[in-house]
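This briefing goes through one protein model, topic by topic. Keep the sequence and the structure in view while reading.

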Amino acid sequence: MFTLAEVASLSDIQPTYRILKPWWDVFMDYLAVVMLMVAIFAGTMQLTKDQVVCLPVLQSTVNSKVQPDTAGKADFTTVETTTGHEETSMRTVSFGSTPTVTPDILSRATSSQYQPTESAQGLKKEQKDSSGRKTNLDFQQYVFINQMCYHLALPWYSKYFPYLVLIHTIILIVSSNFWFKYPKTCSKIEHFVSILGKCFESPWTTKALSETACEDSEENKQRLTGAQSLPKYVSTSSDEGSPSASTPMITKSGFKFSADKPMIEIPSVTILDKKDGEQAKALFEKVRKFRAHVEDSDLIYKLYVGQTVIKTVKFIFILCYTANFVNTISFEHICNPKVEHLIGYTQFECTHNMAYMLKKLLISYISLICVYGFICLYTLFWLFRIPLKEYSFEKVREESSFSDIPDVRNDFAFLLHMVDQYDQLYSKRFGVFLSEVSENKLRGISLNHEWTYEKLRQHVSRNAQDKQELHLFMLSGVPDAVFDLTDLDVLKLELIPEAKITAKISQMTNLQELHLYHCPAKVEQTAFSFLRDHLRCLHVKFTDVAEIPAWVYLLKTLRELYLIGNLNSENNKMIGLESLRELRHLKILHVKSNLTKIPPNITDVAPHLTKLVIHNDGTKLVVLNSLKKMTNVAELELQNCELERIPHAIFSLSNLQELDLKSNSIRTIEEIISFQHLKRLTCLKLWHNKIVSIPSSITHIKNLESLYLSNNKLETLPAAVFSLQKLRCLDVSYNSIAVIPVEIGLLQNLQHFHITGNKVDVLPKQLFKCVKLRTLSLGQNCITSIPDKVSQLLQLTYLELKGNCLDRLPATLGQCQLLRKSGLVVEDHLFDTLPSEVKELLNQDTGIPFANGI
C-alpha cells in the first residue's frame, strides 16, 4: 500500500500556480483527496479485518432417510463416549463412508440429543487404551476453507476495491496536473506566473490605474496643469499623471482645486521610487518578449482540453463498471471449493464481515465519482462555450485611459482566461504592461525626473554661429523641461523613438532650428501651429523615407530643409517625398542620399529655391533635366554623384553664383566655355576630381572670384587662369604642379592662394606683387628658400611653409605686420633661425584677434 504522503505528492503543485487553477480544478483536487482517503481507509480495513468465516452445509440423515427438502441442515449419527470427569471428548461423525473428527464443542452440542450405545462405550474404552499425539488438524481445515472461499466465493471487486480506487485516483490527479509538469508547457506557465505576480505587485500598476481614473475629464487635466505647487521646470502636460520608473513623484494630495466641482485626489501611496520604476521598465520588456514567445502556439490550450477529455472518459468508464458491483457485495456467500476428498464437505456457507462497510464505501466512492464527472462535463462546456484562444481587454480599455491595450491570442489568451477564473483583477493589472501608452507614460515620468531643468541647462552650448544649442541623444522621449528653455535657438533630437513635441514648445520663442535624427517626432496640434509659424531650419535624418514626419511638408514658413537618408527610387519604387509645394518659403534644400535622378517632387519648390545641395553616396546621378526649372538657384552642389562631365542643364541656371562639383569623376572641363552665359557665377569648385588640364576658355568667366581645383591631376597652370582679374581665391593644392607661372602677378585682387602638396621648388618674385594676399599655403613642396620680398605682403595673416626644404626663414617676415606665430605653420627649428626681435614681433598678441577675424 502507498502512504497518503507518497500519493499526495503527485498533486503537490507550487502555491504560485494557484492562480491558474479555477474553482473546478480546486474542487476536483479536494475530491481526489477524499477518494484517496476512501482508498486508504478501505485498504487499511481490508488488511486488518477483511476475512470470511465458513461452515459446512451438512446433509441430514435422520432415521437413515435423506430429506431432500432439508438442504442446508445436517442429519448425521454420532457416537460419544465419556469417562469419568475427563475434559476431552471425541465424536465420530459419519459423512458417507469417511469419518472425521470434530471439535469438542460440536460433540457437546449434540450429546443431549443422542444417547450413547454400548458399542460407543466399547469404542471409547478402546480409544482410551490407545496411545498417540494430539493435532490441530480440525482448526487447519477451517482456516484452509476460509482462505479458499475468500478467493472463490467473494466477487473480485470486493477484494480489489481499495487498489482500484487508489489507481483511478492517481490517474485523475495526474490528468489534472499534467499541464503543470509537461516541459513545453511548464516553462511557459512558470514564466507567465512569475511575470503576472510581479505585474500585480508592481507599484507602477497601482499608480497607473489610480491616476488614469483621475484623468477621465479635461477639467482634471487642466487642474493638474495649473497646480501651483509644481516648479516651473517640471512638465505639467496631460501626461503628468503618468507614473515613472525612476522619478519620485510630487505628492498630489497637496493640490488645491475649486470647491464647486468634486475632484478625486491621486493617492500619495502611488509614488514610485527609482528602483520600482526600473523594475517596471524591465517588466514591460519581459511582457513584450513573453507575448511574442507564447502567442504563436496553442499547445497549453490543447493539452488542457486533452487532459479534461481524459478525465471525463475516465469518469464514464469508472461509473459504468462500478455501478454493476454494488449489488454483488453481500454478507452471505455460498462456497463450493471442490475439496470433498480432503474434508468431506461439498458446500459451505460463508459470511463476509466487511461487506456492510465495503458497500457503504463503494456507494460513497460512486457519489464522489459522479460529482467529479459532472464537474468535468462543466469544464468541457466552459472550454468550448467561448473561443478561449482569443482574449479581449475591452473592459480594461473602457475603465482606464489605456485604450491601446491589444487583444491577445492562442496560449496567451487561454492563460488570461484561466486567470480570470481566479480573479479578474490579475488580468486587469496585467493589461497595464501591454499598453504602449502606459509604457510611454512610465518613460516620460522617469525621463522628467532624470532630466531636470538644471541638468538640461548644463548641456546647452554655443555653436559655430554663436547660437544656444541643445543636443539630446538616445533618450526614451523628450523631457518636458526642454520646453522651459525659452532662450534656446537650436534643438537637436537624435535616436529618440518616442519623441513628442507638446504645446509647451510655444514658450520657446527663440527656437528657429530643429534637428530630427532618426527621430519620427509626433507633434500636438498647438505645437504644430507654433512650428509652422516660427521654425526656419529643419534637419531630418532617416533610414527609410516613411520616417519623415508628415507634418514636415506643411511648414509654410520653413526656409531651410536638410534631408539625409535613403531616397533611391529602386528601393522605394517611387520616391516617397510628399509634395513640397506647401513649403512656399523654402530657400535651401539639402539632400544627402543615393539618388539616380533628381526627385520630381523637388520641382514643386524649384521656383523658390536659391540653394540646392545633393550629396550622393557614389550612386551615379543620371537624370538632371529637372535642374532647368530651378531658375532662381544661386548655389548648386552636386557632390559624389559620379559625374563624368559638367551637366549641360547647369548652363540654363542664369542666376547661378556658386557651383560645387566636388568628388565626382570629371576628367575634362571643355564645357567650361558655356559658363560665359552665367554672368553671375563667381565661385567654381571642381575639386576632388580627375581633371588633367584647364582649358584656356576659362578666361571667358569674367566674374569668377573663387576657383577650387585641388585634388586633381593638374601638372601646369595655364596663363588663362591669371587673366581672371576678379579672382580672389585660387586653390590648386594636391596636384602635380611644378612651376608657378610668373603671370600670377597679374592677380592684383588675389587674397587666398593654396598650392600645398605639389612639386614647386621656386617661388617667382611676381607672386609677392599680389599685395592683397592674406593666406598663402606653400606646404609640402620642394621650396628651398623664401625670397625677402615676402615682406611686401603686408596683409598676410596665414603662411604655411611646413614640409619644404628650407634652411632658414627670411628676417623680413617681421615686416608682415599682421602675421603672428599662430598663423605661421613651420617647423620649430626653422622658427628658431629668426632673429630674436622678429620672434618677439611674431609672438605679440595684439594682432591675433584681427588675424583670426579675417
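**Confidence and helix packing in a predicted model**

The protein chain has an average pLDDT of 78, and 79% of its residues score at least 70.

**Confidence**

- Where pLDDT is low, the predicted coordinates should not be read in detail.

**Annotated segments**

- An unreviewed UniProt entry carries the annotation "transmembrane region" for residues 27-47, 160-180 and 362-384.
- In the model, residues 27-47 are 100% helix and 0% strand, with the end C-alpha atoms 30 Å apart.
- Residues 362-384 are likewise 100% helix and 0% strand, and here the end C-alpha atoms are 33 Å apart.

**Helix 6 with helix 13**

- Helix 6 spans residues 156-181 and helix 13 spans residues 355-385; their axes lie 11 Å apart at an angle of about 20 degrees.
- Angles under 35 degrees count as roughly parallel, so helix 6 and helix 13 are roughly parallel to each other.
- The crossing of helix 6 with helix 13 is left-handed.
- Helix 6 contributes Tyr157, Ser158, Phe161, Val165, His168, Leu172 and Ser176 to the contact, while helix 13 contributes Leu358, Leu361, Leu362, Tyr365, Ile369 and Tyr372.
- By class, the residues of this contact are ten nonpolar, three polar and no charged.

**Helix 6 with helix 7**

- Helix 6 also packs against helix 7, at an angle of about 70 degrees and with the axes 6 Å apart.
- Helix 6 and helix 7 are therefore roughly perpendicular to each other.
- The contact is formed by Trp179, Phe180 and Lys181 of helix 6 together with Pro183, Thr185, Cys186 and Ile189 of helix 7.
- Five of these residues are nonpolar, one is polar and one is charged.

**Helix 7 with helix 16**

- Helix 7 (residues 183-201) crosses helix 16 (residues 424-431) at roughly 80 degrees, and their axes come within 9 Å.
- This pair, helix 7 and helix 16, is therefore roughly perpendicular.
- On helix 7 the contact uses Phe192, Ile195, Leu196, Cys199 and Phe200; on helix 16 it uses Leu425, Tyr426, Arg429 and Phe430.
- The contact of helix 7 with helix 16 has eight nonpolar residues, no polar ones and one charged.

Terms used:
Residues numbered from 1 in each chain as written. Predicted model: local features only at pLDDT ≥ 70, side-chain atom pairs only at ≥ 80, totals over all residues. Heavy atoms only, no water. pLDDT = per-residue confidence, 0-100. Axes fitted to C-alpha atoms, helices over the stretch in contact; angles between N-to-C directions. Helix = DSSP H or I, 4+ residues; strand = E, 2+ residues; numbered from the N terminus. Parallel < 35°, antiparallel > 145°, perpendicular 65-115°, else oblique. Left-handed = near helix turned anticlockwise from the far one by under 90°. Contact = heavy atoms within 4.5 Å. Nonpolar A, V, L, I, M, F, W, Y, C, P; charged D, E, K, R; others polar. UniProt positions renumbered as here; feature names shortened; annotations may be inferred.
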